[in-house]
Amino acid sequence: MAEQEIFTQLGTYDHEQIVFCNDNSTGLKAIIAIHNTVLGPGLGGTRVWNYSNEAEAINDVMRLSRGMTYKAAISGLNLGGAKAVIIGDASKIKTEALMRKFGRFVENLNGKYITAEDVNTTTRDMEYVNMETQHVVGLPESMGGGGDPSPVTAYGVYMGMKASAKNVFGSDSLSGKKIAVQGVGKVGGHLLEFLHKEGASLFISDINQDTLKHYASTLGANVVNGDEIYGLDVDVFAPCALGAVLNDANIAQLKCSIIAGAANNQLAEETVHGPALMNKGITYAPDFLINAGGLINVYQEHIGYNKETAYRQAQHIYDVTLEILKVSASEKIHTQKVAMNLAEKRISDISKLKSTY
Ligand code: NAD
């Protein structure tokens, strides 16, 4: 790709820096994209993916790093947005040497970028990275880290769901409410526990039959087949598996009043499907706000891990969700856009702090 094209891409969403990391001996080919560090160092996981070409990898890392800026800003964290991708088939390329070499590239950025695990990287990989740099989070509890972030993510989603219920039904109680959860993996599973404890009536779908059986027998959840989940007559739909599920075809089927789930990038096209949900009278709790519990958890690790503080910060998602729903109703702007505006305003306000020194 020509140099000019890369700079054009950097300029489109005002990315600060992009770092290409190459090492012939380990086969490492990585790209670190730092989108914005006004609020603090850019934090975002490292994804290993077998991209079909370099342009696709660049596009992905730039899109994901920008998303991290918004997630950190809306959550009130002193963090910027960044992300890394390692190009290749995870089952073939990952070695101790490759991950450590990557760690050395992270170290060279002197803390401007902090990495963590993501798709196709594990806690073990981060332990290798940590042998070369301190700028890594998501380490196991035995190493002073925060461990699995999924319970905190689920708690944040639960808070966002309760705030949405307060806005729509006048009470934040989910007792007796019919709630459909798509994907009952790490986050979806913990979410089910919170909802069951509160007395909600649960409907679940997953491609993993064993997990479905588990939650049907332990929590009395009703199992539904695949795509049937979209058309269920429920109060809340919680996408906790895949992105882009809020598209033309699925939105046409929805009968729920609220959408509040953990999956990233739920709106297939923000500018089309955000307004589409609003026009249909469905309250959408912005995904990057209510699924920020995982980021909140690793941020705690960055400043000195404290589980109670992580949960307290995740609880704040309730207040921010309420505020966004209020502004959305009064200004007739879809909730995702309101949330993005709020994140941008925080970055702009804080950037002005540094105008005097
Ligand atoms: P996970 O892999 O543990 O769970 C995902 C579940 O979805 C699995 O049980 C899988 O079988 C199921 N699934 C896959 N395809 C499906 C389909 N077509 N229909 C129904 N179920 C399907 O992942 P997770 O950590 O629970 O994360 C869930 C979502 O939340 C992901 O989109 C992830 O990016 C997002 N997220 C997770 C965290 C976190 O802390 N783990 C934080 C923020 C966002």
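**Ligand site**

I began with the polar contacts (pairs of N or O atoms within 3.5 Å) and found an N or O atom in the side chain of Asp206 at 2.6 Å from an oxygen atom of the ligand. This is a predicted model, in which local features need pLDDT of at least 70 and side-chain atom pairs count only at pLDDT 80 or more, whereas totals for chains, interfaces and linings use all residues. Residues are numbered from 1 along each chain as its sequence is written, and side-chain values use heavy atoms, with hydrogens and water left out.

I then noted the side chain of Asn264, where an N or O atom is 3.1 Å from a ligand oxygen, and Ala241, which places a backbone N or O atom 3.2 Å from an oxygen atom of the ligand. For the ligand taken alone I read an exposed area of 830 Å² (Shrake-Rupley method, 1.4 Å probe), of which the protein buries 72%.

Around the ligand I listed 19 residues (a heavy atom within 4 Å), and the closest are Thr153, Lys186, Val187, Asp206 and Asn264. By class, this shell holds nine nonpolar, eight polar and two charged residues. Helices α6 (150–169) and α7 (186–197), taken as DSSP runs of H or I with at least four residues, each supply at least two residues of the shell.

**Domains**

I recorded domain 1 as 3–67 + 80–139 and domain 2 as 150–345, with 28 Å between their centres over C-alpha atoms. Eight residues of domain 1 are in contact (heavy atoms within 4.5 Å) with six residues of domain 2.

Note on methods:
Polar contact = N/O pair within 3.5 Å; in protein donor to acceptor, adjacent residues only side chain to side chain. Nonpolar A, V, L, I, M, F, W, Y, C, P; charged D, E, K, R; others polar. Domains from an automatic or database assignment.
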